[in-house]
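Please open the structure in a viewer and follow the stops below in order. Each stop names what to select next and then states what is found there.

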Amino acid sequence: MKSTFKKSALSVLAVTLSGMAGSIVAQTNDSAQDDTGSDEGLEEIVVVGIRGALTNALVEKRTADNIKEVIQAEDIGKLPDQNLAEVLENVTGIQITRATGVGTGVQIRGTGANRVEVNGVSTVSAGNGRSGISFEDLPASLIASVEVTKVPTAKTIEGSVGGTINLRTLRGLDLSERVLAFRSQSENSDLADATSPRFSGTFGDNWSTSAGDVGFVVSASYSEQDVASFNPRFDRDREVLPGSGRLSEEAYPFLRTQFLDQQLTNQEYETFNYTSSLEFAPGDELRFYLDATFNDQTRAQQSARAFFSGTGSNAVVDNTTNTSFETIDLGTIDGPNGPLVLGEVQAVLTGVLGVGVLPNGGIDSNLRTSGQTGSRETDSSVFALGGEWARDRLEVRAEAAYSKSDSIYPNLTSTIDFINPNGPQPAQGRSLDNGIPAIFDASGRTLQFGIAPGLAETPTTAELLDPANYALRQVGQGLSTNDNTELALRIEGLYDTSDSMPFFSSIEAGIRWNENTALNNDVSARTNFTNATSSFFRPTGELFASVLTPGPDNFNAADGRSLYVPHYLIVDPAIAFNSPNQVLDALNDAILASNALNGVNYATLDVPSTQLAAFFDIEETTTAAYVQGNFDVEAGDTPVRGNIGVRWISTDINSVGNNVVNDVVESQSVSGGSYDFFLPRLNVVVETTDSLLIRGGIARDLRRPNFDTLSTSVAFPGGASSAVRVGNPELEPETVWSYDISAEYYLSNSSFLSLGFFHKERTNLFAIETEFPAEPTGSDGQIERDITPPCEEGGIFNPVADRNVWSSTQGVGICVPIATTFNVSGDTTQTGVEVAFQYDLSQFEDRIGWLSGFGFIGNYTFQETGGSANEYRLANGDANALNDVLGRTDADGSTATLDDDVVRELITLTSLSRNAYNATLYYDGFGVNFRARYTWRSDFRTNQFISFNMPRIVDDRAQLNASVSYAINDNFTVGIEGINLLREDRTQWCVNDNALLCSQGLTDRRLIVGLSGRF
C-alpha cells in the first residue's frame, strides 16, 4: 500500500506541474457558482456567531495554497472551547489526551511531535520538550483563531512531524471598529467539589495620525480551575505457578494481585495571561509591529493516596484466598518472526489478601498513605518586533523574536505507614511496619479494593483515624528548575515575477538564525525512615498531628463503587503546598521529640540541594535558508496554484554536564554535534471546478531530540520501581517524508465535503529502551536485587531509592532499571484517511424559517502504521512474570505459543489511535447559539511501561461537551457549557487492548456559566 500510495501522489503532482492536467470534471452551472461565490463575494462575508466563524474559517482553508485547517473565534474571546487542546479536537486528524479530565496533549495525525507558535513566532516548552508552550498555559479566550498546517511550505519553520499549530491574536490595524469586550465565568467541577472564577477582557482600536496609522490591541485573562480524577490502579503482574509450594497455588499458572493503589489526583490552576499588539504604519508601504504575550501559571497538585504495598511477599501469597479467576486473552503482538500469539492466561479476579509474617520477621501487606504536592510554577513570554515594507513588486519582512519559559517545580511529598494495632507488631531489626488485610474485586471492568472486613486484624474507623497509629516513612522535597529560551532573527523577501516568468507568479526567499538554550537544575532532598534497625524509632503521628488530616472519603463519588478506603490520615496537602515550612517544622519537631523519648539521635529532614549529576546546560544554534516559487497558472482551462521550494538547515549543539566524583564537581563534560539537512517541499491546488479542489503535497521535515534525551546527566528518582533516565548525546534527528492528496467539494460558502489521504515515512524514530537489573528470588520468595554498585547484572545503582519490596535488606540504595532513548533503525510509516463534512441549512431560510439555524460538522480519521523498522522490546519486567506464565500448560491442557520462550514486542508509534471521529450539532439563530460535540478515539499505546516492560494501552474513549448561549441584547450574552457530560473514564490495559485491566481514570464533569459583553 505504501508504494502504491507514493506513486499515486507523485504521478498526480508531476502531471499537474507539467501542465498536462486537463479539465477533470465539467464546470458547474451558474447556480452552483452563485452558491460558492467569487473571490470578491467571499471577502464580503459578514455573518457572525458560530456560522460566521465556520464560514470565515472555510474561506481561509479554501484559498490556502497548502493543506491546513483553521478555527476562528465566534466572538471576541470565544473559541469553541475553553481549553486550547479541546479547541483543536474539532480539527480533522487531531486527537487529544487529558490529565484529570483537562485537555493537555495534542496529537496531529497520531503524533505529539508538533510545533506551537504564537503569531508565527516559536514558543518554548516549560520542560525539556520541543513542542512549545503547553496548551494548559494559554487560555482560549486570548486567541482570535487557530491555524493548523498539515503540509508545510519551504518557508514553514522546521521541527514538526504531525503539523504546526499557530495561535493568532487580534491585530489593531485589522479592526474595522473599536473593540471593548469582557467575559466573566464560573466553573464547577463535580468530583473536585469546587467552583472557580474566570475573567477575560479585550480592548482594541486604531487611529489615523499625522505620522501614520496606529493600531493597538490588548487582551488579559485571569482564571482558576480546580479539577480532580480518581485513579484506582490494580497490578496483576506476578505469577503463582503449579508446584511452587505456595498455599494459594492452583493446578494452572495464574497472575496474582501485586499492588493496590487508590489515588485521588487534584490539580488547582491559577493562571494570568496578557497579550498585546502595537502596530504603526507611517504609509501604505511600511508597517511596524510589536507583539507581546505573557503567561504566569501555578499548577498546584494536592493529591492523596492510600495504597497496599508488600502484597507480593510469599507470606502474603500463602495467606491469600483467591475466590475467583478470569481467563484473559492476551491477544497477538508483532514479534521478530511474525505475529506472536500470546494465548490465554488465568488472572485472579476476586479475593482477600491476608496478613503474613516472613521468616526474617517482616510483616505484610502494608497500608501506606501519601500526600503529594508535585507542582509547577511557570513564567513564559513571547516577544516579536518586526517590520514589513512593500513597493511595486518587492515585499520585505524582518523580525526579531524572543521566547522564554522559566519553571520551578516545588514539591513536598510525604509517606506515612499505618501501624495496625491488631495482629503482629513491628520489632526492631526485624520489621518496621506491619500488616493489614485487603479485599479486592476486578470484575465488571471496575478495579476496586479496600480493607478486608471482619478479620482479626481488621482495624476500626477510630483506629484508622488515630494519629498514634501512623509513623513517618519518607519525605521528598524539590525546587527543581527548567529555564528555556529561543532568540530568533529572520529576514524574508517576495518578488512578483508574474510579468517576467512564464510559470512562477512570485519568488520568496529568506534566512533565519535562532539560538535555543536549555538549563536544568535538579534541586531535591529525600529523607527515608525505611530501615528496621536504624529507623525503628521514627516519629509517630501524634507528634506531628497538627499537620495530619483525614484523606478524602468520597472515592466512590465517580462510580458508586462499594470497595475503597474511606478512612485514613495523610499529611495535609493544602498545608504542604501553601505553607511548606509549617509541615517541615512540624516534622522536624516530631523527629527531635521522638529522639528524646527513645534515646536516639536521628537527623532532621535533609535540606534540598542541587543534585550535581543532574545538571545540564545545552545550547543549540540553527541557521536556515529557503527559496520558494509560487505559481498560479492554468493547465488547459483548469487553474493550478501552489508552491515549490527547499529549506536548508544547519544545526550546532553544545552540551555541558558535570563530572561528579564523591559528590564534588571535578570538571565539566562538554559534548557537541552538528548536522545539515535539505527539506524539499511542494504544494499543488487544482481548481477543477468552482466547487471542487484537488490538493497535493510532498514535504520533508525533521524533529530534533528533546533536550534531556541529549544530556548525559542523571537524576535519581526516590523509588526503586522507577527507571533512571539517561540521555544519549549520539541521537540523530528524526526525519519524515509526508505525501498528501485530498479533494474538497464546496457546497456553499459554509458547507463542504472533503476526502484526504496521507502517508508518512519516519526515519530515526525515537524510542525508549529499558534495561532491568537481575531479580533473583530468595528461598522465601522475596526478590533480591543487587544493592551494591556497580550493578554488574544490569540496571544502574540508585543511591537514594527506597529498597521497599525489591530486597529483604531494608534501607536505601539499590540497582534499578535504566532507560535510554535511541534511534530505531529502518523506517516507520503512517498511512491514513481523513473525511470531513460541514453543512448548515442557512440557504433554506425562506422555506423552513427558524430551522435554518441548524448545522452539522463531522470528521473521521483512520490511521495505521507499518514500515521496515524491526526493533523489539523484551517483555522481561516484573521478575519475568509474563514469560513464566506463558508457555506452560493451562488447566485445559492448552499451551501458549512463544518465540524462544521470551516475549518480544515490536517498538512502534505511541499515542496513535487507529480510528477517531468527531460529530457536532449546532444551532445559530434568533440570539441562540447551541453546540453539542461528541468525540471518540480508539485505543492507543502510551510511553508508560508499568507492567512487564510493555507499553500500557489507553482504551477507546468518548466525550460529550455542550454549550448554549443567549444574546440578551446587542451588548450582553449569557451562556452555560458542560464538559464531559457523560463522565467517561480513562481505562488502561496491559499487554493488549481489552486484555489485562490495569488502571482507571475517573474524571470530573464540569459546568461553566458566564456573562459576556461587547461594546
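**Stops along the chain**

Select arginine 1005 and aspartate 190, whose side chains meet in a salt bridge (3.4 Å, N to O); the term denotes a side-chain nitrogen of Lys or Arg within 4 Å of a carboxyl oxygen of Asp or Glu. Arginine 1005 lies in the loop between strands E56 (1002–1003) and E57 (1006–1014) and aspartate 190 in the loop between strands E8 (179–189) and E9 (194–209), so the pair ties together parts 815 residues apart in sequence. Strands (E, at least two residues) and helices (H or I, at least four) are DSSP runs numbered from the N terminus.

This is a predicted model, in which local features need pLDDT of at least 70 and side-chain atom pairs pLDDT 80 or more, while totals for chains, interfaces and linings use all residues. Residues are numbered from 1 along each chain as its sequence is written, and side-chain values use heavy atoms, leaving out hydrogens and water.

Next, select aspartate 417 and arginine 473, which form a salt bridge with their closest N and O atoms 3.4 Å apart. Aspartate 417 belongs to strand E24 (residues 394–418) and arginine 473 to strand E27 (residues 470–496).

Then select arginine 236 and glutamate 326, where a salt bridge spans 2.8 Å, N to O. Arginine 236 is buried at 2% relative accessibility, whereas glutamate 326 is partly exposed at 22%.

Finally, display the whole model: the structure holds 64 salt bridges.

Key:
Buried means under 20% relative accessible area, exposed over 50%, partly exposed in between (1.4 Å probe, protein chains only).
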